[in-house]
Amino acid sequence: MDAAVLRNRIQCTVDPNADVRRQAELELTHAETQPGFIKGLLDILEAEQDISIRLSTVVYLKNRVNRAWQPIEESATSKRITEEDKVELRSRILPILASSQPQIRAQLIPALQKILSYDFPEKWPTFLDLTMQLLSTNDTNAVFAGLHCMLAICRMYRFKGGETRDDFNRIVAASFPRLLDIARELVQSTDMEAWEGLHIIMKTFKHTIYFDLPPHLMIHDQIYGWCSLFLAIVGKEAPAQALDEDLDERERNHFWKSKKWAYANLNRLFVRYGSPSTNQKNTTPEMVEFAKSFLATFAPAILEGYLREIDKWASRTAWLSKPSLSYTLSFLDECIKPKSMWNNLKQHMETLISHVLFPILCQSDEDIELFDSDPPEYLHRKLNFYEEVSAPDVAATNFLVSLTKSRKKQTYSILAFVNGIVTKYEEAPDDQKNAREKEGALRMIGTLASVILGKKSPIADQVEFFFVRHVFPEFRSPHGFLRARACDTLGKFEQLEFKETSNLVTIYRNILESMADPELPVRVEAALALQPLIRHEVIRASMQQNIPQIMQQLLKLANEVDVDALANVMEDFVEEFAAELTPFAVALSEQLRDTYLRIVRELLERQSTKEEDEAYGDFLDDKSITALGVLQTIGTLILTLEATPDVLSHLETILMPVIQITLENKLYDLYNEVFEIIDSCTFSAKSVSPTMWQAFGLMHKTFKSGAELYLEDMLPALDNFVSYGAETMAQNPIYIEALVGMVSDIFADEKVGGMDRICGCKLAEAIMLNLRGHVDRYIPTFVELAMRVLASNELKVKSYRIHLMEMVINSIYYNPLLALQALEVNGWTNKFFSSWFSNIESFSRVHDKKLSICAISALLTLKADEVPTSVQQGWPRLLQGVVRLFQTLPTALKNREEATKEGDFTLNDDDEDDEEDAEEWDGEVEAVWANDGEDAEDVKDESAAYLEFLKEESEKFAAGQDDSDDELEEESLLETPLDKVEPYGLFKDTLLKLQHEQPQLYQNLTKILNPDEQQIVQAVIVQAEANAIAAQALQAAAASQQPNGGAH
C-alpha cells in the first residue's frame, strides 16, 4: 500500500470536518486488511516529521497488532496479519522504537509485548541479541529502547516455570550484568530521564524474581550488587525537581516510582527467598543456603537502611511516598518473627510506636477534609482500607497485630503508650484537647482487640473500665470523626464480656442515638457496631421492641451510601428477628428491591459511559458488592417466611424486577445471588408459581445467551423447578425440552470443564427421577451424551467419571429397556456394564449405592429374552454387584451421618486459636515479662505452611494430576425422590417377583453366589421385613396422635 495515500488518510482522521474524518476512518478500516498496510505504517513512522501524524500512525499500528497478530476469532475487521507483514514488522520495530520520542515509544511497547508473547523465542530468535546491542550503545534513546525490550521479555516470563524457565534463566545470566552496570550509572544522576530508566530497570527486576529466583541472582556478587543498588536508591536524597507541591503528582514522578520498586524488590527478596521460615519445604539445597546467607548478610543491612530512612521521615527531614512507607512497615513486620532480625529491631520499638506507627494511624489533614467534603469516600477509605494495598495505615495495622501476637510483651508497651495519650487528653482543658491523637489512640487499641481479649489475657478485665472512662465520653465529642471512632472501637471489642449490665445498656443507648447523628460516617459506624450487640440477651430484648424502626434506619443508610457491610448487618437482623419482622416483610422486601434497583441502575449508567475494554470485568466495586449484600438479605428474608406461603407469594411478585434487571443486563457477578433467590422462593413455597415460571424462562434465556458456566449456580433452582413443578412440566413439554437442551449444550460447549458437566449430569438425573414416564424420548440422548465421553477413555477426574456412569444408571432405572436399546445401537452395552461393575467400589456414597441398587432391581424385572446377547453371559454378575452394594451400604450410611454432624458444626477454630493464645499468655506472664532474652526466640511462621499448601496445590493443578485414587465424599446432595426409596424392601420385592415369575432366570442368577453372598441376600430380606414393621409402627403412632383418629 502506498505510504503517501495512507499518510493522507491518517491526516484526514484529525480533520475538523466530521464527514471527512468519518470517510477517512472507513477507508482505513478497509485498508487494514489489505496487503502492505503494516509496511505503509512503518514507512510513515520512519520518515514522518509531524508528531501528530506519527502518533495517529502508531496508534493504528498498535491496534492492528493487538487485534490481528493472533486473533481469537477471524472476522472482517480482525483478519489475521500475514506472515510476510509479521516478518516486516519484526525486522523494523526495534530501530523505530530506538529513534522514537517518548509518546511514540509508549504506543509501540504494547505492540512489542503482544508480538513477543506469541513469537519469542521461536519466531524471533534474534530479539535478545538485538536488545543487547541496543543496551551496549552510547545512544540514550537506543539504551532506553533496550531497557523497554528487557522489561517486555521479563514481563512475558514472570509467571512461567518448567523448561521455559530454563530459557529465561539463560536470558537473565546474559543480560543482567549489563543492566546492573547501566543502573549504577543512572543512580548517580539527578536527571529525571535517568530516573525513568531506573524505574524501568526496577520493574524489570520485579518481574524477574516474581515467580522464582534465577540461579544467576543466587551468586553472592550478583545479589550483592543488586541489593547495594536498591539500598542506594532507597537512600538517595530527592532532587528539587522530584518534590512537586502536589503530592499525587510527586508520587507519579519517576524518582519516587524508582524508590517504590527498589523497596518492593528488597522486600520480595527477603520475604520470598531470603527468610528460612518461608523456605522450609519443597525447595532446593541451593535455595536453603541462599536464604541463610541472605538472612545473615543482607537482611540486617536492609533493616538498617530502612530504619535510617524512616527516622528521617519521622523527624520531618525527608519525605516518603505512601508506597515507600508501606513497604518499609511490611519489611519491619517480617523482621518480628526471626530471632536474629528481632534482636536488631526491638531496640527501636519505642521510637517506632510513638513516632512512626502512631502518626500514621492518626487522622491526616486529607482524612479530615474527606470527612467533611466527601463522607462516602471517607467511609470507603476507612471501612475498606485493606483494599488499599499500598496504604501505610494498612501496613501499620498489620505490623501491630503481628507484633502483639508474636511478641506479647510488646502489648504492654503499646497499651502504656495509648494510656499516656488518652490520659493526657482527659486532663487537658477543652480548648487544648488533641482530638486526632485521641482518635489515633482508640484506633490503635481497637486494632489489638483480638490479642487483648485472648483467653487468659491478663489485661482483658481492664477493658470495660477503659471504655467507661475513655470511650463513652466521645459519643458527645464535638468532632464527628471521634464520635465515629467511639462506635468503631465498641464494634472491635465485640467479644468483650461485660460485668456491669448498665454499661451494656449505656452502649446500646449511645449507639441508637449515634444512628441519628448528623454526620453520615457516625451513623454508618453506629449501625455496624449495633450488629455485635445482638448476642447480649438484655440488648436483644430491647431490640425486639423497636426492630422495625432499626431496619428502617438501616435501609435509609443503605440508600445514602453504598457500604456492603450495612447489607451484612441487615441480613443478620432479618435472620435473628424473623418473627418480629414477618408483619413488615412485604414493605421490607419492597424497600430492599428499590435499593437494589437504584444501585444497579447507577451501575449500568456508569458502565455505559466506559470504553468497552475498560468496562469488562470491573463489576466488583463498592456498588456491586453492596448490591450483592442486598440480594443476600433478600434471600435470608425469603427463607424466614417458609411458614407463610401467602406472604411468600406476594414477595415473588415484588422481587421479579430484581431478577429481570440482573439477568437481562448480564450482571454476571450478581447471578449467583439471584439464582439463590429463585431457589429460596421455590424451595420455601414447595411449589412453582406463575411468577417463578417466568423466572425459569429468564434463567433458560440467560443460559442460552452465554451463561453456560453458571449452570452450577443455577442447579439448585432448576432442581426445584423439576421437583416441585413436575406436574406442570409434564403438561408443558416445552419446559422439559428447555432443560434437556441445557444438558446437551453443556456437553457440546468446549469452554466448559468436567465440573460444569457434572452439573449437567445432576440436572439429567433430576429430570429422570422426577419426571418418570414423561421423558422417554430423551433417554437415548442422555445415554449417548454420557457414553461418548466415557468411551473416549480420556477421563482423569474420578468424580466426573462416576457422574457420567450414573447418568446411564439413571437411564436404566428410569426405563431399562429404553436404556439398553440406546447402548446396544452404539455397541456400548458390554463396555458400560464392564465399567460399572469394575468400578462398583467407587460408588461410595449412599446416593450412589441406592441408585445402583434401584437400577439393578429394574434390570432384574426384565424377561430373559429382553437381555441383550452381548451381556447375557455376565448377567449373573448383577446379583454379585448388588450384594456388594448392600454389604457396604451400612458403612456409607454411617459416613453420611457423620458428615451431616460435621456439616452442623459451629466455628470452633477460634477456640483453638484462643487456647494457643492462652498458652502464650501463660508463658509470657510466668517467664517473659521481665526477661527480654526469652522474648527473642524465632516465632513459628504460620503463613509459611499455608503458602506451601498453595504451592503444592498449584503444582498439582499445573501437572493435571489424576485424582482417581481419591474417594468421593458425602456431600449436601440436592433432595431427590431416591431419598424416599427404601432399598431393602425394593430389592426384596424384586427378588421375590423374579423367583415367582421367572424361576429359571432366578436359578441362573443365584446359583453363582457363594455362601457369604447368599447370607448377605438373606440379611437384606430380613432387614427389609424389619424396616417394613418399623414403618408400619411409625404410621400407626402418627395416626394415633392426630385428632379424631387421624381425620382431617
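Reader: Why is Glu32 called buried?
Author: Glu32 has a relative accessible area of 6%, and buried means under 20%, so the word applies to Glu32. This is a predicted model. Glu32 lies in helix α2, residues 18–32.

Reader: What makes Glu304 and Arg308 a salt bridge?
Author: Their closest N and O atoms are 3.5 Å apart. The limit is 4 Å between a side-chain nitrogen of Lys or Arg and a carboxyl oxygen of Asp or Glu, so the pair qualifies. Both residues lie in helix α14 (residues 285–314), four residues apart, about one turn of the helix.

Reader: Why is Arg308 called partly exposed?
Author: Its relative accessible area is 45%. Buried would need under 20% and exposed over 50%, so Arg308 falls in between.

Reader: How do you know that Glu497 and Arg535 meet in a salt bridge?
Author: The N to O distance is 3.1 Å, and the rule asks for a distance within 4 Å; therefore the pair counts. The two residues belong to distant parts of the chain, 38 residues apart. Glu497 is in the loop between α25 (480–492) and α26 (501–514), and Arg535 is in the loop between α27 (520–530) and α28 (537–545).

Reader: Why is Glu497 called exposed?
Author: At 56%, the relative accessible area of Glu497 passes the mark of over 50%, so Glu497 is exposed. Arg535, at 36%, is partly exposed.

Reader: What makes Arg540 and Glu576 a salt bridge, and which parts does the pair tie together?
Author: The closest N and O atoms are 2.7 Å apart, within the 4 Å limit. Arg540 lies in helix α28 and Glu576 in helix α30 (residues 564–576), so the pair ties together parts that are 36 residues apart in sequence. Arg540 is buried, with a relative accessible area of 18%, whereas Glu576 is partly exposed, with 40%.

Reader: How many salt bridges are found in the whole structure?
Author: The search finds 40. Those that share partners join Lys39, Asp43, Glu46, Glu88 and Arg92 into one network.

Reader: Why is the pair of Trp693 and Phe721 called tilted?
Author: The ring centres are 5.4 Å apart and the planes stand at 40°. Trp693 lies in helix α37 (residues 690–704) and Phe721 in helix α38 (residues 711–724). Trp693 is buried at 9% relative accessible area, and Phe721 counts as buried at 0%.

Reader: What makes the charged end of Lys206 sit over the ring of Trp261?
Author: The distance from the ring centre is 4.2 Å, and the limit is 6 Å, together with a position within 35 degrees of the ring normal. The charged end of Arg250 sits over the ring of Trp319, 4.6 Å from its centre.

Reader: Which residues touch the most other members of the largest nonpolar core?
Author: Among the 329 residues of this core, they are Phe573, Tyr596, Phe833 and Trp836. Helix α8 (residues 140–157) gives the most to the core, with 13 residues.

Technical notes: Residues are numbered from 1 along each chain as its sequence is written. This is a predicted model: local features need pLDDT of at least 70, side-chain atom pairs count only at pLDDT 80 or more; totals for chains, interfaces and linings use all residues. Side-chain values use heavy atoms; hydrogens and water are left out. A nonpolar core is a set of buried Ala, Val, Leu, Ile, Met, Phe, Trp, Tyr and Cys residues joined through side-chain atoms within 4.5 Å. Buried means under 20% relative accessible area, exposed over 50%, partly exposed in between (1.4 Å probe, protein chains only). Rings of Phe, Tyr and Trp (its six-membered ring) pair if their centres lie within 6.5 Å; planes under 30 degrees apart count as stacked, over 60 as edge-to-face and the rest as tilted.
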